[in-house]
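Please look at the sequence and the structure before reading on.

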Amino acid sequence: MAGARAAAAASAGSSASSSTGAPQEPGLVELLEEFSRTQYRAKDGGGTSGSKVERIEKRCLELFGRDYCFSVIPNVNGDICGHYPRHIVFLEYESSEKEKDTFESTVQVSKLQDLINRSKMARCRGRFVCPVILFKGKHICRSATLAGWGELYGRSGYNYFFSGGADDAWADAEDVTEEDCALRSGDMHLFDKVRGYDIRLLRYLSVKYICDLMVENKKVKFGMNVTSSEKVDKAQRYADFTLLSIPYPGCEFFKEYKDRDYTAEGLIFNWKQDYVDAPLSIPNFLTHSLSIDWSQYQSWDLVQQTQNYLRLLLSIVSRDDDSGLLVHCISGWDRTPLFISLLRLSLWADGLIHTSLKPAEILYLTVAYDWFLFGHMLVDRLSKGEEIFFFCFNFLKHITSEEFSVLKTPRRKSLPTREAGFTVEDICMLRRKDRGSTTSLGSDFSLVLESSPGAAGSFTYEAVELGPAGAPTQAAWLAALNNRESRLQEVRSAFLAAYSSTVGLRAAAPSPSGAIGGLLEQFARGVGLRSASSTL
């Protein structure tokens with residue numbers, strides 16, 4: 001057993017070092033060990049593992065501070081939300097180290113905190129709309145879905161039904177404040193009041209686009225609607241926002257991913273299940289430039305679905321407007337961090353956010369902040385084999401190509417002569433799998449004769465300085481794409497190495513039959529650390 005663990009860990013380390021040679025973040029192993037051992041709760045920061053959590057929190061603040069000036073919304077004892085970070089980061093603007101000393105906050109934290117306190121009851125489990133990424137001056141936010149009557153009239157009773165009758169880790173009496181009780185007493189205008197505050201917070205953050213990942217219109221337990229969503233708000237309170245229903249399988253589906261040797265290709269969600277009633281709905285003006293046949297979404301496997309949804313979200317945040325984005329599922333701690341993390345890593349790989357962070361550092365930040373400190377229940381998910389957390393980082397191999405880059409590409413009308421187009425050397429810089437066919441958006445041919453999705457009006461952010469068109473411009477763009485691929489590969493390799501030596505080998509308890517050996521082999525094969533014919 002010990003030999004099998006060592007062999008798998010060594011294989012992972014060898015894979016990472018041979019492909020990148022990048023140093024590991026010193027605290028990443030400790031972070032993953034703590035994450036897989038216990039559930040983060042803001043009020044437990046001073047407990048037995050308090051020093052570890054404090055180190056994680058401090059490191060996150062350091063990493064955010066490398067590239068941004070920010071304010072901190074205090075949540076030290078979970079006073080605002082028991083399963084949000086104790087130090088909630090509100091990114092205000094990008095800055096260099098020299099500008100840190102002259103930082104002048106543009107936010108009145110006390111007023112923002114008051115608005116959050118008033119709005120939190122509108123969302124499931126009090127998981128209010130929280131900004132987590134700043135891109136082009138726009139906030140990318142996360143939250144849970146809208147709360148229903150069940151939660152508004154009793155947090156503990158709601159959690160009982162929501163968890164299927166089990167004791168819920170978040171059903172704490174201290175989560176229910178006097179203000180919450182006062183709100184519940186206003187029977188007639190309850191929804192107007194709490195959702196009104198929620199809308200005020202969304203507008204304060206300049207959020208216009210709301211992407212709902214739920215596969216149901218309302219979450220139902222024992223015949224009772226326990227949550228709602230903006231798309232089915234009867235009073236149309238959210239009519240001024242651009243609502244997108246992009247149903248995505250919940251964490252339970254990712255047990256099938258694990259059971260298939262961590263293979264997402266060919267894994268298709270069963271859309272005919274009784275509880276699935278949310279259709280895909282996206283305004284036409286957001287889809288026309290992506291060249292995706294959205295009518296086929298129920299036939300996509302997990303890879304295609306995740307890729308297409310990510311492309312959609314990237315196109316939204318890259319639009320030429322000042323509007324922010326909210327992404328949420330039901331509770332906001334499984335599917336939501338999956339896409340928030342992919343957004344953060346994709347924009348970082350393009351060199352557009354967290355520009356000073358190295359691969360190991362951005363990996364630490366997104367694992368710690370987007371997953372651990374926002375309450376992802378890794379311990380529970382691992383016990384059930386629902387490895388959505390692992391899927392997120394293993395999936396990075398599928399988003400390295402130009403389709404996921406928001407860097408603006410040269411357009412055909414800018415090419416004065418054939419000689420100014422791509423050279424053979426330029427084309428060879430692209431991997432074969434990224435070139436595709438002559439009709440693919442990722443093909444050599446389309447790169448030369450067409451503009452990529454970014455040039456069609458969606459991906460408009462010009463991070464690569466585009467001067468007069470020509471080979472130098474195209475070479476710079478190709479170099480940026482190659483850099484993107486290598487950066488994402490480094491992040492994935494660093495994750496696999498750390499995960500295999502900590503969480504990966506403890507994903508299931510050993511059985512008398514020795515099934516753990518099969519688990520280790522399954523994991524090693526699934527993540528590419530072993531060939532199908534090799535043995536541990």
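## Cysteines and disulfides

A disulfide is a pair of cysteine sulfur atoms within 2.5 Å. By that cut-off, a search of the whole structure, which is a predicted model, turns up 0 disulfides.

C81 takes part in no disulfide, and the cysteine sulfur nearest to it belongs to C130, 9.0 Å away. C81 has a relative accessibility of 3% and therefore counts as buried, since buried means under 20% relative accessible area. For C130, the nearest cysteine sulfur is that of C141, at 7.4 Å, and C130 is likewise in no disulfide. With a relative accessibility of 1%, C130 also counts as buried.

## Where S356 sits

Which two helices does the loop holding S356 lie between? The loop runs between α11, which spans 335–349, and α12, which spans 359–372.

Is S356 buried, exposed or partly exposed? Its relative accessible area is 36%, so S356 is partly exposed; that class lies between the limits of 20% and 50%.

## Contacts of S356

Leaving aside residues up to four places away in sequence, S356 touches R66, D67 and E361. With one of these, D67, there is a side-chain to side-chain polar contact of 2.9 Å.

L63 and S356 are 293 residues apart along the chain, yet their C-alpha atoms are separated by 9.1 Å.

Conventions: Residues are numbered from 1 along each chain as its sequence is written. This is a predicted model: local features need pLDDT of at least 70, side-chain atom pairs count only at pLDDT 80 or more; totals for chains, interfaces and linings use all residues. Side-chain values use heavy atoms; hydrogens and water are left out. Helices (H or I, at least four residues) and strands (E, at least two) are DSSP runs, numbered from the N terminus. Buried means under 20% relative accessible area, exposed over 50%, partly exposed in between (1.4 Å probe, protein chains only). Contact means heavy atoms within 4.5 Å. A polar contact is a pair of N or O atoms within 3.5 Å; within protein, one must be able to donate a hydrogen and the other to accept it, and residues adjacent in sequence count only if both atoms are side-chain atoms.
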